[in-house]
Amino acid sequence: MTLRPAGPGDAAFLRDVYVAGRWNEVAVTGWPEETVLAFLHDQYRLQTAHYATHYAEADRLVVEQDGVPAGKLILFDMQSETRVVDIGLLPAFRGRGIGALLLGWVQDAARTRGAKVSLHVEPHNPAKRLYRRLGFDVVASRGVYELLEWTAPPGDC
């Protein structure tokens with residue numbers, strides 16, 4: 001697995017990762033497929049604008065496995081905290097341990113800096129099980145999201 005900076009040529013791929021991550025959630029509306037797709041494309045456009053405003057300096061990375069684009073990872077580093085702004089994998093790459101590997105890498109990098117790692121997640125998102133297994137704790141509820149944080153155990157820095 002490798003990470004590389006996302007470039008302009010990755011825009012459609014990153015949109016597709018977003019769509020794949022939310023497809024089942026929106027498909028239950030019963031809307032025609034083209035309506036679901038149009039809605040999710042617009043939601044992605046809005047999310048991208050939000051990230052550009054609030055996380056302009058974030059590292060936007062494409063996750064590749066054996067040279068094949070598999071997902072995305074967006075990280076925003078602050079002095080004492082690394083925020084996982086977004087993480088997502090295409091369905092064909094889920095369930096292979098890639099998410100745990102990515103988060104472990106983020107945790108290791110934060111540990112060497114003496115920083116914590118944080119992320120937001122919806123309370124019923126299945127990924128929350130992974131975050132909890134990796135040592136993330138819920139520290140706050142913020143609207144429809146929970147804020148989770150991980151701090152290296154004492155003496156582990």
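A salt bridge here is a side-chain nitrogen of Lys or Arg within 4 Å of a carboxyl oxygen of Asp or Glu. By that rule R22 forms a salt bridge with E25, and their closest N and O atoms are 3.1 Å apart. The model is predicted: local features need pLDDT of at least 70, side-chain atom pairs count only at pLDDT 80 or more, and totals for chains, interfaces and linings use all residues. Residues are numbered from 1 along each chain as its sequence is written, and side-chain values use heavy atoms, with hydrogens and water left out.

## Salt bridges

Side chains of opposite charge can pair when their charged atoms come close. The structure holds 12 salt bridges. The table gives three of them, including the R22 pair.

| Pair | Closest N and O atoms |
|---|---|
| E64 and R4 | 2.8 Å |
| R22 and E25 | 3.1 Å |
| E146 and K128 | 2.5 Å |

Secondary structure places these pairs. Helices (H or I, at least four residues) and strands (E, at least two) are DSSP runs, numbered from the N terminus. R22 and E25 both sit in helix α1 (residues 11-27). They are 3 residues apart, about one turn of the helix.

E146 forms a salt bridge with K128. E146 lies in strand β7 (residues 145-150) and K128 in helix α4 (residues 127-133), so this pair ties together parts that are 18 residues apart in sequence. Salt bridges that share partners also join R4, D10 and E64 into one network.

Buried means under 20% relative accessible area, exposed means over 50%, and partly exposed falls in between (1.4 Å probe, protein chains only). E146 counts as buried because its relative accessibility is 12%. K128 is buried too, at 16%. E25 is partly exposed at 42%.

E64 belongs to strand β2 (residues 59-65). Is E64 buried or exposed? E64 counts as buried because its relative accessibility is 14%. Its salt-bridge partner is R4. That pair links distant parts of the chain: E64 is in strand β2, R4 is in strand β1 (residues 2-5), and they are 60 residues apart. R4 has 27% relative accessibility and therefore counts as partly exposed.

The side chains of E64 and R4 also make a polar contact of 2.8 Å. A polar contact is a pair of N or O atoms within 3.5 Å; within protein, one must be able to donate a hydrogen and the other to accept it, and residues adjacent in sequence count only if both atoms are side-chain atoms. Contact in general means heavy atoms within 4.5 Å. Not counting residues up to four places away in sequence, E64 touches M1, T2, R4, P69 and A70.

## Pockets

Rolling a probe the size of a water molecule over the atoms shows where empty space is left. The search uses a 1 Å grid over the protein atoms alone and a 1.4 Å probe; a pocket is an open set of points with protein on both sides within 12 Å along at least five of seven lines, and lining residues have an atom within 4 Å of a point.

The largest pocket holds about 1,500 Å³ of space.

Two or more residues each come from α1, α2, β2 and β3 (68-78). The largest share, 5 residues, comes from α2.

## Two loop residues

D66 sits in the loop between β2 and β3. Its phi is positive, about 55 degrees, although D66 is not a glycine. D66 counts as exposed because its relative accessibility is 74%.

P123 is in the loop between β5 and α4. P123 is partly exposed, with a relative accessible area of 34%. Leaving aside neighbours within four places in sequence, P123 is in contact with K128, V144 and E146. P123 and A38 are 85 residues apart in sequence and 26 Å apart in space, C-alpha to C-alpha.

Terms used
Grid points are joined across faces, edges and corners, and a volume is the space filled by probe spheres set on the points.
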